[in-house]
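Have the sequence and the model side by side as you read. This report goes from the whole chain down to single residues.

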Amino acid sequence: LFNSRLELGKQVRRELKSAGESVLRVSGQRDLNMGNEILSRELEVRTPYLDALNVVQCEVMRRLDNEEFQSEEEKDLLMDGLLVTINGIAAGMRNSG
């Protein structure tokens, strides 16, 4: 279906943009926060933390995918790091929508 991750990423971004535009069109709102100031503030506070976790997660996944580890112990540490970032991102999303 997709020849590369880059292609997949581009498609996911297009679909996300299209979905957001559809929600705005149907709801008649100007932004996806639907004018909810509390939600806007929560997202503003949360974003820098989740962005950092996303960067770490991408690097860990890159290292695992490219088998950039010296031992099984190092691989296990990378896997642990990946699970920590997954849980951290899930918690951040759960706590603020």
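What follows covers the overall shape, the helices and their ends, and then the core.

**Basis**

This is a predicted model: local features need pLDDT of at least 70, side-chain atom pairs count only at pLDDT 80 or more, and totals for chains, interfaces and linings use all residues. Numbering starts from 1 along each chain as its sequence is written, and side-chain values use heavy atoms, with hydrogens and water left out.

**Overall shape**

The protein chain has 3 helices and 0 strands. Its pattern along the sequence is α-α-α. The radius of gyration is 17 Å, well over the 13 Å that the globule rule gives for 97 residues, so the chain is more spread out than a compact globule. That radius is taken over C-alpha atoms, and the rule is 2.2 Å times the number of residues to the power 0.38. Along the principal axes, the C-alpha atoms fill a box of roughly 55 × 35 × 15 Å. Buried residues make up 14% of the 97 residues. Here buried means under 20% relative accessible area, exposed means over 50%, and partly exposed lies in between (1.4 Å probe, protein chains only). Of the contacts with a separation of 6 or more, 42% join residues 24 or more positions apart. A contact means heavy atoms within 4.5 Å.

**Helices and their ends**

Helices are DSSP runs of H or I with at least four residues, strands are runs of E with at least two, and both are numbered from the N terminus. The expected span of a helix is 1.5 Å times one less than its number of residues.

| Helix | Residues | Span between end C-alpha atoms | Expected span |
|---|---|---|---|
| α2 | 29 residues | 40 Å | 42 Å |

Helix α1 runs over residues 5-27. At its start, a side-chain oxygen of S4 reaches to within 3.4 Å of the backbone nitrogen of L6. A polar contact is a pair of N or O atoms within 3.5 Å; within protein, one must be able to donate a hydrogen and the other to accept it, and residues adjacent in sequence count only if both atoms are side-chain atoms. Just after α1, G28 takes a positive phi of about 75 degrees.

C-alpha to C-alpha, A19 lies 14 Å from R30, 11 residues away in sequence.

Helix α2 covers residues 37-65. N36 caps its N-terminal end, with a side-chain oxygen 3.0 Å from the backbone nitrogen of I38. The helix bends by about 35 degrees at T47, and the proline P48 follows within four residues. The bend is the angle between axes fitted to the seven residues ending there and the seven starting there. Just after α2, E67 has a positive phi of about 55 degrees.

**The core**

Which residues of α2 are buried? They are R46, L50, Q57, V60 and L64.

The largest nonpolar core has 5 residues: V60, L64, F69, L78 and L82. Helices α2 and α3 (72-96) each give two or more residues to this core. Such a core is a set of buried Ala, Val, Leu, Ile, Met, Phe, Trp, Tyr and Cys residues joined through side-chain atoms within 4.5 Å.

Leaving aside residues up to four places away in sequence, L82 touches Q57, V60, M61 and L64. Q57 has a relative accessible area of 13%, so it counts as buried. Beyond its neighbours within four places, Q57 is in contact with L82, T85, I86 and I89.
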